[in-house]
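Subject: Structure handover

Hello,

I am passing on the structure we spoke about, with notes on what was found in it. Please look it over before reading on.

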Amino acid sequence: MAQPFTLQFQVTSQEHQMLLREFLLQKNISRKALTDIKADGELLVNGKSENVQYMLQSGDNITVQFPLETGSEQMKGEAIPLEILYEDAYLLAVNKPAGISTIPSRQHPSGTLANAIVHYYEQIGHSGAVHFVTRLDLDTSGIVLITKHRHTHHLFSLAQQEQTIVKKYLALVQGTP
């Protein structure tokens with residue numbers, strides 16, 4: 001059975017008397033995620049369910065359980081070989097070969113990197129959606145980052161906005177272009 005994505009925090013003396021909502025926003029949990037958590041997830045303070053209006057006390061233990069994610073029903077997994085360069089509980093880095101689309105389109109509705117990742121998720125029992133941090137064009141090869149959870153994708157998006165993630169391209173040319 002799939003487990004919800006969970007974060008845990010401990011309230012410091014500087015965060016004493018802060019509303020739980022403000023605390024979570026400060027921890028980069030988006031307003032949309034908070035809405036989803038209130039509907040289908042759970043906010044626990046010291047093991048007890050609380051709402052975002054809870055006034056934090058120094059030393060409180062906060063557990064945030066995000067709603068379970070499911071992938072798109074239209075996206076079908078396909079047994080396409082994946083070269084996984086790195087994987088942990090949050091992130092997947094794969095080497096995308098040239099000639100394969102990253103995501104399905106009208107011209108390429110199947111046979112994509114996304115289809116391969118959906119299949120891989122099915123094999124490992126991960127129920128989440130495919131969240132691309134970076135994408136590459138059809139004819140471009142290279143490393144593609146995929147997060148396994150929406151919140152992790154949100155954090156990578158913030159990092160891209162703050163330009164703390166740097167993408168570098170290297171072109172190898174043979175002959176005269």
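Leaving out neighbours within four places in sequence, Thr-152 is in contact with Phe-5, Tyr-90 and Thr-147, where contact means heavy atoms within 4.5 Å. Thr-152 belongs to helix α4, residues 150-161; helices (H or I, at least four residues) and strands (E, at least two) are DSSP runs numbered from the N terminus. Its relative accessible area is 7%, so Thr-152 is buried. Buried means under 20% relative accessible area, exposed over 50% and partly exposed in between, with a 1.4 Å probe and protein chains only.

Before the rest, two notes on the source. This is a predicted model, in which local features need pLDDT of at least 70 and side-chain atom pairs count only at pLDDT 80 or more, while totals for chains, interfaces and linings use all residues. Residues are numbered from 1 along each chain as its sequence is written, and side-chain values use heavy atoms, with hydrogens and water left out.

Aromatic pairs

Phe-5, one of the contacts of Thr-152, also takes part in ring pairing: Phe-5, Phe-66 and Tyr-90 are linked into a cluster by ring pairs. Rings of Phe, Tyr and Trp (its six-membered ring) pair if their centres lie within 6.5 Å; planes under 30 degrees apart count as stacked, over 60 as edge-to-face and the rest as tilted. By this rule there are three aromatic pairs. The ring centres of Phe-5 and Phe-66 are 5.3 Å apart and the planes stand at 50°, so this pair is tilted. Phe-5 is in the segment before β1 and Phe-66 in the loop between β4 and β5 (84-87), so the pair ties together parts 61 residues apart in sequence. Both Phe-5 and Phe-66 are buried. For Phe-9 and Phe-23, the centres are 5.7 Å apart and the planes at 85°, so the pair is edge-to-face. Phe-9 sits in strand β1 and Phe-23 in helix α1, 14 residues apart.

Sheet

Four strands make an open sheet in the order β1-β4-β2-β3, with antiparallel pairing; two strands pair if DSSP finds at least two bridges between them. β1 (6-10) and β3 (48-49) are the edge strands with a single partner each, so one side of each has no neighbour in the sheet. β1 and β4 (residues 61-65) are joined by five bridges, and Gln-10 stands opposite Asn-61 in β4.

Cores

A nonpolar core is a set of buried Ala, Val, Leu, Ile, Met, Phe, Trp, Tyr and Cys residues joined through side-chain atoms within 4.5 Å. The largest one has 21 residues, and Leu-20, Phe-23, Leu-24, Ile-29, Ile-62 and Val-64 have the most contacts inside it. Its largest share, four residues, comes from α1. A second, separate core of eleven residues includes Val-94, Tyr-120, Leu-136 and Ile-146.

His-131

His-131 is in strand β7, residues 131-132, and is buried, with a relative accessible area of 14%. His-131 and His-153 are 22 residues apart in sequence and 6.4 Å apart in space, C-alpha to C-alpha.

Regards
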